[in-house]
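Dear colleague,

My notes on its pockets follow.

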Amino acid sequence: MTARPQRAAARRIAGTLAHFARVPHSLIALPARVSVAVTFWLSGQTKIEGLVLDPLGGTVQLEWPRISENAIELFRSEYALPLLPPELATYLAAVAEHVFPLLLVIGLASRLSALALLAMTLVIQVFVYPAAFATHGLWAVSLLYVMARGPGVLSLDALIARRCGVSAR
């Protein structure tokens with residue numbers, strides 16, 4: 001191959017890469033927020049009874065939520081987290097897996113919510129399912145992206161920032 005076709009190929013590759021670089025941040029941030037939020041929300045739903053809001057299955061049951069005995073037993077026998085009694089760990093996980101995903105979806109306190117879910121991901125990776133690094137790595141990448149770059153324009157954080165005259169990205 002001579003120098004001229006190589007330069008033309010290099011220009012085409014550079015042009016293609018330049019198109020990739022134009023993918024809007026908000027187009028990446030929204031699915032990063034929503035996909036991880038749904039994962040944690042569905043996990044949280046397995047820890048409670050009464051309130052059922054399944055965004056994928058479309059199931060809705062509106063009763064007062066309560067911690068499931070099966071979830072407490074799971075924390076007691078399988079997860080066996082150090083330092084926390086299983087009842088408290090189950091309660092904290094159920095609350096966190098409902099509150100932070102909801103905040104992440106609506107884009108309110110997004111970076112803080114992403115940090116909280118990243119900490120949960122780390123706990124799950126280290127103490128519960130250490131062999132699931134590929135899955136947890138994907139969650140971590142999405143959460144780190146939101147922490148680093150913000151929730152994007154389709155978020156309450158961005159709306160609040162616009163009204164306050166600051167940049168939230």
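The largest pocket has a volume of about 490 Å³. Of its 25 lining residues, Phe 75, Ala 93, Met 120, Val 123 and Ile 124 are the closest to its centre. A pocket here is an open set of points on a 1 Å grid over the protein atoms alone, where a 1.4 Å probe fits, with protein on both sides within 12 Å along at least five of seven lines; lining residues have an atom within 4 Å of a point. Points are joined across faces, edges and corners, and the volume is the space filled by probe spheres set on them.

This is a predicted model, in which local features need pLDDT of at least 70 and side-chain atom pairs count only at pLDDT 80 or more, while totals for chains, interfaces and linings use all residues. Residues are numbered from 1 along each chain as its sequence is written, and side-chain values use heavy atoms, without hydrogens and water.

At least two lining residues of the largest pocket come from each of α2 (25-45), α3 (69-79), α4 (86-106), α5 (110-128) and α6 (133-149); α5 supplies the largest share, seven residues. Helices (H or I, at least four residues) and strands (E, at least two) are DSSP runs, numbered from the N terminus. By class, this lining comprises 20 nonpolar, three polar and two charged residues (Ala, Val, Leu, Ile, Met, Phe, Trp, Tyr, Cys and Pro count as nonpolar, Asp, Glu, Lys and Arg as charged, the others, Gly among them, as polar).

The second largest pocket holds about 150 Å³ of space. Its lining includes Ile 48, Pro 65 and His 98, and α4 gives the most, with five residues.

Yours sincerely
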